[in-house]
Structures are given as C-alpha cells and as structure tokens.
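Here are my notes from going through this model, written point by point. Have a look at it first, then read on.

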Amino acid sequence: MTVHLLLSAGRGPQECAWALARLLRRLEADAARHELETHRAETVPGERPGTYRSVLVRITGADAETFAASWTGTLCWQAPSPYRASAGRKNWYVTARPCQVDAPRTAFAEDDVDVVPCRTGGPGGQHRNKASTAVRATHRPTGIVVVVDTERQFSLNRRIAMRLLRERLERDDEAAGRALVAARHRVHDELVRGNPTRVERP
C-alpha cells in the first residue's frame, strides 16, 4: 500500500520551515521502525538552508495508511527558535494531510460505447430525413452522451462520435488532475495553530 502525506509550514514564520525539517526526519525514523519505506516525492525549500516550506512524502508498506493517520493533523515541534534568541515562543506548527497525487485516467474502449442510430430533422435532403444516419453514442462507464448528425453516412457520424467521446474523457481527466493540484495548494492555508495531534521535541 502507498500513501502520500503532505507536510506544510503554511504561511508561518521561518521557524515553521525549520520545524518541518525536524518533524520530517522524525517521521522518517518512525516509519523505518515500522518497516515502512519513505520517499520525498516533492520538496519546496525554505529561506534557510536545510528547511522546507512543504514536503510531499510517499509512504509504502503494509500499514502505510495506519501510520500516515498517526501523523495526520497539526504537528508541533516544541523548541526555542534557532534564529531569534529573544523570541519567547517555543511551539512551531506544521500541518500534515494525506492527499491523492495522480488522478485516475479513464480508459476508453469502443466496446464500452452504446451506439444507436437515430434520425434528426432539419436540412439535409431526403436521405437524411428518411434514413437513420445520425448517431447517439453513450459511454457506459461515465454516462457521457454525444449525438452526431453532421455527415450523411452513419459510419462517418459513428467515427466522429467516438472521437468526441475520447476527447471529452481526456478533458475531464485533465480537469480532475488540476483539481488535485488545487486541493494540495489549499492545504497550505489550512494550518491550525494550537491543539496539535502530535507534539515532538528535540
């Protein structure tokens, strides 16, 4: 099983990016103890060396989902600021959320399409009005329907319908992928400071 966990310092100060780096190492060590593999799939560095604004961690193993749940929520790194000696604050917060990385692609097969000949009105001569040359094509897995009557031959309309269905599925898959990226971006604004689900210390 594979789970992706996004750790984000949100819009917090540079200490939160520092805290994220420490929490990340703690998470990776904890995963190793549970015989899980981790990989930093994406990283966004912080302003200071060795710090991160966000990290997408891929966790792989039999209990990956349970492990990720134990690290999900608001995480707190409790230590004095390494950058501001006068800062009285010692709690630095990071958010961790499981996220979907890849939108599933919709496979297209003509066997999944119901094609029904139909008649349409309007100009086009007697052949179009008397014969069922138009096509109503339904992609069963998604319920998408297209009707094509641009050509006077059924076979040509069928070919166009298949192309339109394929293009529609590709557009929908691309939109789903953009929605996943937008959802990951929203995580950076969802950091709740206080009431952490996990507190770690040096």
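1. His139 counts as buried because its relative accessibility is 0%; buried means under 20% relative accessible area, exposed over 50%, and partly exposed in between, with a 1.4 Å probe and protein chains only. This residue is found in strand E7, residues 134–139. Helices (H or I, at least four residues) and strands (E, at least two) are DSSP runs, numbered from the N terminus.

2. A word on provenance: this is a predicted model, where local features need pLDDT of at least 70, side-chain atom pairs count only at pLDDT 80 or more, and totals for chains, interfaces and linings use all residues. Residues are numbered from 1 along each chain as its sequence is written, and side-chain values use heavy atoms, with hydrogens and water left out.

3. Back to His139: its side chain makes a polar contact of 2.7 Å with that of Thr142. Such a contact is a pair of N or O atoms within 3.5 Å; within protein, one must be able to donate a hydrogen and the other to accept it, and residues adjacent in sequence count only if both atoms are side-chain atoms. Leaving aside neighbours within four places in sequence, His139 is in contact (heavy atoms within 4.5 Å) with residues including Phe108, Asp112, Leu165 and Leu169.

4. His4 is another buried histidine, with a relative accessible area of 16%, and lies in strand E1, residues 2–8. Beyond its neighbours within four places in sequence, His4 touches Leu56, Val57, Arg58, Arg97, Pro98, Cys99 and Val101.

5. Cys99 counts as buried because its relative accessibility is 17%, whereas Cys118, at 21%, counts as partly exposed.

6. Now the sheet: six strands form an open, mixed sheet in the order E2-E3-E1-E5-E4-E9. Strands E2 (37–45) and E9 (198–200) are the edges, each pairing on one side only; two strands pair if DSSP finds at least two bridges between them. Neighbouring strands are turned by 25° against each other on average, direction ignored. Axes are lines fitted to C-alpha atoms, for helices over the stretch in contact, and angles run from 0 to 180 degrees between N-to-C directions.

7. Helix H1 (residues 14–33) packs on this sheet, touching E1, E2, E3 (52–60), E4, E5 and E9. The direction of H1 makes about 15° with that of E3.
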